[in-house]
Amino acid sequence: CRQHLRAGVLMANAFGVARHVLGALALAAATLVAAAEPPPIAAYGNLPDIETMALSNDGAHLAAVMTIKGERVVVLMTSQFKTMRMMRLDDQKVRSMDWVGPDSLIVETSRTETLDPGYLQSKFEFAHAIVLPADPAKEQSVIFEKDPAMLNGIFGNAGTRFIDGNWLVYFAGIQKQRGSGRSVGSYYIPSGGPGLYAVDPLTGHRSQVAAAAPSGQGRDWLLGPDGKLAATMTIDGLRGSWQIVNADGRELASGLAARGDVGLVALGKDGKSIIYSELDEKEGRSKWNEVPLDGRAAVSRFAYGDEIDRIYTDRRNGELIGYLPAGEYAKPRFFDPKRQAVVDQIYKAFPRLNVHMEDWTPDFSRVLVRTDGNGDSGTWYFVDMATMHADAIGYEREAIGPEWVGNISTVQYQASDGLALDGILTLPPGREPKNLPVIVFPHGGPHAYDSEHFDWWAQAFASRGYAVFQPNFRGSTNKEETFMRAGFGQWGKAMQTDISDGLAELARRGVVDPKRACIMGGSYGGYAALAGVTLQHGIYRCAVAVAGISDVGALFSNEKYYKGAEGFLRRSLAEELGPKSGFDAISPSNFVGGVDVPILLIHGLDDTVVPFSQSASMADALKDAGKTYEFVQLKGEDHWLSRSDTRQQMLAAAVAFVKKYNPAD
């Protein structure tokens, strides 16, 4: 078998390799023999063989986004893994997938669209919701696509409800306005934001639940268990003043969020209260408050936001049923003891692995579980609590067997100023952890973090003989919120030295050879890679920046221009980046004259997050200064490396570049 699990209270059976055929999914046992050569780079750069899965509310149907014989498809199947229907995805980028009851699958996708000259932005990432009925005789459809009064796109998902025997899904959408005068009969897009609509996925019928906010204001909603509007939050985009009211217009809470850090979270456990977040200025943390919907009781604190990683709600009525505490290897907590008992059994059955409960039936009789970690490049299981079996139904990366998953561990270390930090170390398979060549790989965000999970980018380099270190520098979100806020104003400063301090600790332990270190990363990680060889010197032999930021001032101006010149967004950016007067001093493009190592720049032409011009201007500056560099442009790729072909192009270029300037042997 591919891997062995101590079943605990579950009996794990049929642990075989999932073979994909167009007519069905068949399981076949396979005995793996350690390969002499690592898997090809494409095995890491490809989108996973299984990208995501979803379970219908009655547990009778499964859906999967997967690649079959080189073609990406959505597959609908029975719980016995018999194929019901398929949908080709072509170049669509899947962002989420959920069942609406037992009969309809909603697949949310996005495309990068080029806008007309009249818009501020030249490109925008438009989201769409595809309805795929379980009945193959019924045609698939796209929410709002054939409605002339609606803009073809969705701008948020407010969940599902089961009302009077019918399933409804709620989307934010923009209703076009009918023209007047000579334009009678035509439609135009208003200046305000989206409204909220209830949609029957099988008929496409829509009804408005809440109107759009006026221009200059933001608006969010929470639905009650009955699908009617329960609470509305409105925030002024200029001042940051906000108010939450119930369905009767009675104020539940209000305040001033100068940086916009306030928002609705969920309904409470009984559907009679709401939970919202706001910044606790005294503590420097976001607190989650709970207030009854009738407004007759005082606001109480539910939790601090940094204590909870995610929440779980009942898809039938939206009520809060549990949450996932923050922290590595945290186990979900459900309020219902019977549900929690199922969780405890499942986690006991998968020791020493990262366990993710991805989907379940309301009674928890059937659960979709995903695992990854040491010896596991990603495996999906269908857990049937009635039979106490966990069936392995597919692997995310079938070509990467357990022998080619580099060992993953957490390294604790201290920054030069004494701050406690950690990072994730991935070791090359089959090599002694001593004096290894190393890739320092800071994450993007910067408000994110790395953990002991299978990382396709890190594992690709580990398979080629490199240790890979992913530091959780200050500003990361793996600790309390004050740790995240400690990164404000520290771009190119303490955040940067936190990264190199981690490298120094690994060198002190003898794990890596500090003279054979390169730095690479994407987005903010790309900025850190560029800063590591422009603002810092003598540490790295090369740098790889994917969608990296080279000019902080230009980034700030771009965000202001496209997303609001004034208001809480500007104040939030200013707090995070520090004073504008210091932007030049932390911008890598201003320091290319001192670059003495090769730099690889990679950027997607369809990036709507970090402008392509950030890499293009850096390339021009390096060229003018006569420095060694390469510039790879990814046609049709966005900020998230959403396509297999361009991900492979990126990874192949990065590996070749690092091997050239920092060979592993």
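Q: How many residues does helix H9 have, and how far does it reach from its first C-alpha to its last?

A: The expected span of a helix is 1.5 Å times one less than its number of residues. H9 has 12 residues and spans 16 Å between its first and last C-alpha, close to the 16 Å expected at 1.5 Å a residue. This is a predicted model, in which local features need pLDDT of at least 70 and side-chain atom pairs count only at pLDDT 80 or more, whereas totals for chains, interfaces and linings use all residues. Residues are numbered from 1 along each chain as its sequence is written, and side-chain values use heavy atoms, with hydrogens and water left out.

Q: Over which residues does pLDDT stay under 50?

A: pLDDT is the predictor's confidence in each residue, from 0 to 100, and where it is low, the predicted coordinates should not be read in detail. Here pLDDT stays under 50 over residues 1–34, a stretch for which the model has 96 contacts (heavy atoms within 4.5 Å) beyond four places in sequence. The chain as a whole averages a pLDDT of 88, and 89% of the residues score at least 70.

Q: How many helices and strands does the secondary structure of the chain come to?

A: Helices (H or I, at least four residues) and strands (E, at least two) are DSSP runs, numbered from the N terminus. By that count the chain has 10 helices and 40 strands. Of its contacts with a separation of 6 or more, 56% join residues 24 or more positions apart, and buried residues (under 20% relative accessible area, with exposed over 50% and partly exposed in between, 1.4 Å probe, protein chains only) make up 55% of the 665 residues.

Q: In what order do the 8 strands of the open sheet with mixed pairing stand?

A: Strands of a sheet pair through backbone hydrogen bonds, either parallel or antiparallel; two strands count as paired if DSSP finds at least two bridges between them. In this sheet the order is E33-E34-E36-E35-E37-E38-E39-E40. Strand E33 (408–414) and strand E40 (629–634) stand at the edges with a single partner strand each, so one side of each is left without a neighbour in the sheet. From one strand to the next the twist averages 20 degrees, with axes taken as lines fitted to C-alpha atoms (for helices over the stretch in contact) and angles running from 0 to 180 degrees between N-to-C directions.

Q: What does helix H9 touch where it packs on the sheet?

A: H9 (residues 613–624) touches strand E39 (599–604) and E40, and its direction makes about 155 degrees with that of E39. Buried residues of H9 include Gln614, Met618, Ala619 and Leu622, and the helix is followed by glycine 626, whose phi is positive, near 70 degrees.

Q: What covers the buried residues of helix H5?

A: Their cover includes E33, E34, E35, strand E36 (467–472), E37 and helix H6 (524–534). In H5, 11 of the 15 residues are buried, so the helix is largely enclosed by the rest of the structure; among them are Met495, Ile499, Leu503 and Leu506. H5 (residues 494–508) reaches 20 Å from its first C-alpha to its last, close to the 21 Å expected at 1.5 Å a residue, and just after the helix glycine 510 takes a positive phi of about 80 degrees.

Q: Is threonine 426 buried or exposed?

A: Threonine 426, found in strand E34 (residues 420–426), counts as buried because its relative accessibility is 3%. Leaving aside neighbours within four places in sequence, its contacts include Ile408, Ala458, Tyr466 and Val468.

Q: Which strands make up the open sheet whose pairing is antiparallel?

A: That sheet has 4 strands in the order E12-E13-E16-E17, and its edge strands, E12 (157–163) and E17 (206–210), each pair on one side only. Neighbouring strands of this sheet are turned by 30 degrees against each other on average, direction ignored. Strand E13 (residues 166–173) and strand E16 (residues 195–199) pair in the antiparallel sense over 5 bridges, and the bridge partner of valine 169 in E16 is valine 199.
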